[in-house]
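Dear colleague,

I am passing on the structure we spoke about, and you will find the sequence and coordinates just below. My notes on what was found follow after it, and I would be glad if you read them alongside the model.

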Amino acid sequence: MSAIVHARGLTRKYGSTVALDRVDLEIPAGRIVGLIGPNGAGKTTALKAMLGLTSFQGTLEVLGLNPSKNRDQLMQDVCFIADVAVLPRWARVWQIIELTEKLHPRFSRETCLHYLARTKIHQNAKVRTLSKGMVVQFHLALVMAIDAKLLVLDEPTLGLDILFRKQFYTSLLNEYFDEQRTILITTHQVEEVEHILTDLIFIQDGRFVLDSSMDEVHERYTEVMVGPDRVEQARSLSPIHERALFGRHIFLFDGGDPARLAELGEIHKPGIADLFVALMGEPEQAREQAA
Amino acid sequence: MIADFFKRMLILVRREVWESPFAFKWTPLMIFGFLALMIGLALILGARVDNQMSFTLDGIRMWAETDPEQKRLMMTGGMFSIGILFHQIMFLVVIFYLAGSLYDDRKDRSILFWKSLPVSDQLTVASKLLTAMIAAPLLFLAGIALTHLLILVVASFYALAAGINPFTEVWLPANPPLIWFVMLLGSLVQSLWLLPIYAWLMFCSSWAPRLPILIAFIVPALVGLFQHFWSLLTSMSLPGMNLFVIIFERIGKGVMPSSIDWQEVMKQGNTVTYSPMADQLVSLKSILQVLITAEMWIGVAIGLLLLAGAVWFRRRATDN
């Protein structure tokens with residue numbers, strides 16, 4: 001089985017700014033990949049390159065096609081939700097359904113209407129009259145009715161309340177995802193996606209800081225909660241990050257002997273947000289992004 | 001394959017009409033409403049002045065007795081003149097539509113949705129061009145036809161009141177289906193004639209960072225102005241070829257809206273006994289003659305180049 005996304009030396013420059021710096025990437029089928037990074041790290045540029053929305057240097061193949069040359073062909077198998085505001089505001093719901101049905105060979109109107117029936121969205125409503133949450137519900141209903149191989153989500157839940165966000169990922173996971181499909185997500189709300197991801201990529205300044213499966217992440221990184229008496233001992237084992245919480249110290253270790261770490265205190269799997277802060281340097285800025 | 005292409009093109013053109021209902025649906029309807037109002041006012045005014053309707057009815061009886069060829073000529077002229085207002089407003093509507101056609105979705109970011117559909121950039125650009133070149137003339141023709149029918153129905157009632165056969169004296173000399181056919185053909189040829197201007201608007205629309213319509217006007221205006229001063233300064237004369245003049249000539253010279261066979265009219269106009277024939281007004285020849293001029297096809301070639309440019313920019317366009 002060939003990779004869904006295959007990139008070698010993927011580079012994109014805007015003038016003298018390097019948005020993507022010789023990135024290598026391999027995404028097999030049936031994965032849910034989180035692409036996490038601070039603003040301006042190159043996330044959206046990477047997604048745009050994969051969707052044929054920007055030019056690039058290096059090799060990039062999505063489903064075996066060059067996205068910048070074969071966008072229209074590629075879009076038969078790739079779906080894409082940018083952040084919430086991109087459905088045309090002048091259009092009515094039924095018009096967008098009609099358009100998608102006539103233009104997209106893999107779209108099922110029946111499935112779309114089935115998902116829409118659960119919402120409060122009326123077919124005659126104009127997109128401009130829908131709330132942000134309803135627009136995302138509608139876009140998700142459209143996308144889930146398309147039998148695509150790759151779904152790209154760029155900050156899909158930005159600005160939505162927590163009920164919509166939960167519901168969004170629940171439907172995606174329970175009713176859409178299977179071994180044949182691949183989902184690529186960028187988001188700042190890492191806590192919400194961390195339980196559904198199979199793979200994790202951290203990106204900073206156009207380079208990948210981390211690219212591994214969640215299993216590998218959990219094997220490799222360990223978080224230990226240490227009481228005040230053992231802090232010095234923990235520090236001697238060269239943790240990659242340390243933070244204080246209610247008088248206790250939380251250390252993050254890369255590798256390390258599990259038995260020895262267990263002696264220091266309580267062991268946890270690190271959350272993505274904490275890992276992000278630890279790996280992405282400048283703590284203040286990074287914490288802000290991860291929050 | 002071809003059926004599939006037409007299906008996709010049709011829905012893309014419908015999308016354009018959905019997006020701009022004011023331009024393509026309400027504008028022709030409003031012109032129709034305006035003309036209907038004017039007709040109504042004229043009838044009321046006429047009834048006031050001519051209390052017993054005797055002059056009006058006499059006039060209609062006199063009309064019935066005029067020479068059939070003369071009747072045809074006057075009817076045809078009247079039918080075409082109704083189209084003038086529609087066609088001029090349509091030209092303005094199309095200018096504004098095309099200037100926004102590849103710009104608006106970049107501005108409101110919905111381009112990200114459109115580009116998530118499996119539709120090539122060529123097809124997108126083509127659908128917007130065909131909306132301007134074919135869909136707009138058809139929809140405005142519907143407004144013209146509606147106005148024609150209203151006038152002919154009203155005229156029929158007056159004819160009946162005067163004891164005249166409305167079919168032979170009103171509908172037959174007016175011959176609306178022929179007029180509509182000639183108008184449609186004229187509109188389509190005119191669209192092709194104006195292709196370089198339409199394509200220029202789309203070209204500007206495809207890359208302008210803002211205000212594409214302003215850019216589309218200012219660039220040729222500046223070039224024309226520059227040419228003007230340049231030739232004044234260098235040879236103390238006005239330029240032989242001025243871009244702005246060329247553009248205005250292009251707009252002024254087409255075949256629309258009445259498609260009068262001017263060459264024929266001019267030739268016969270020299271003789272003393274000349275009277276214009278209705279056939280010269282509904283002349284297919286004058287429409288089709290434009291198709292065999294070099295000017296037409298030079299314009300089409302320039303238009304195609306500009307369209308290729310528009311597709312090039314469209315391919316690279318995203319939401320910022």
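A term is needed before anything else: pLDDT is the predictor's confidence in each residue, on a scale from 0 to 100. The model is a predicted one, and it scores ipTM 0.88 and pTM 0.88. For chain B the mean pLDDT is 87, with 90% of the residues of chain B reaching 70 or more. Within chain B, the element with the lowest mean pLDDT, 56, is helix α13 (residues 262–269), whereas helix α10 (residues 195–207) of chain B has the highest, 97.

The C-alpha trace of chain A spans about 65 × 45 × 35 Å along its principal axes. A compact globule of 291 residues would have a radius of gyration near 19 Å, and the 21 Å of chain A agrees with this. Of the 291 residues of chain A, 43% count as buried, and among the contacts in chain A between residues at least 6 apart in sequence, 67% join residues at least 24 apart.

Next, the nonpolar cores. The largest has 94 residues, and those touching the most other members are Met50(A), Val62(A), Val78(A), Ala141(A), Leu150(A), Val152(A) and Leu184(A). Helix α5 (residues 132–144) of chain A gives the most to this core, with seven residues, and the core draws at least three residues from each of domain 1 (5–205) and domain 2 (216–290) of chain A. If one sets aside the neighbours of Leu150(A) within four places in sequence, Leu150(A) is in contact with Ile4(A), Val62(A), Leu63(A), Asp77(A), Val78(A), Thr182(A) and Leu184(A). There is also a second, separate core of 54 residues, which includes Phe24(B), Trp63(B), Ala174(B) and Trp193(B).

Finally, how many residues does each chain bring to the contact between chain A and chain B? Chain B contributes 19 residues and chain A 25 residues. On the side of chain B that touches chain A, α1 (2–19) and α6 (111–114) of chain B each supply at least two residues, and α1(B) gives the most, with six residues. Sorted by class, that side of chain B has seven nonpolar, four polar and eight charged residues.

With best regards

Conventions:
Residues are numbered from 1 along each chain as its sequence is written. Chains are lettered from A and ligands numbered from 1 in the order in which they are written. This is a predicted model: local features need pLDDT of at least 70, side-chain atom pairs count only at pLDDT 80 or more; totals for chains, interfaces and linings use all residues. Helices (H or I, at least four residues) and strands (E, at least two) are DSSP runs, numbered from the N terminus. Two residues are in contact if their C-beta atoms, placed from the backbone, lie within 7 Å. Ala, Val, Leu, Ile, Met, Phe, Trp, Tyr, Cys and Pro count as nonpolar, Asp, Glu, Lys and Arg as charged, and the others, Gly among them, as polar. A nonpolar core is a set of buried Ala, Val, Leu, Ile, Met, Phe, Trp, Tyr and Cys residues joined through C-beta atoms within 7 Å. A residue is buried if 20 or more other C-beta atoms lie within 10 Å of its own, exposed if 12 or fewer, and partly exposed in between; C-beta atoms are placed from the backbone. Domain bounds come from an automatic or database domain assignment. The radius of gyration is taken over C-alpha atoms; the globule rule is 2.2 Å times the number of residues to the power 0.38.
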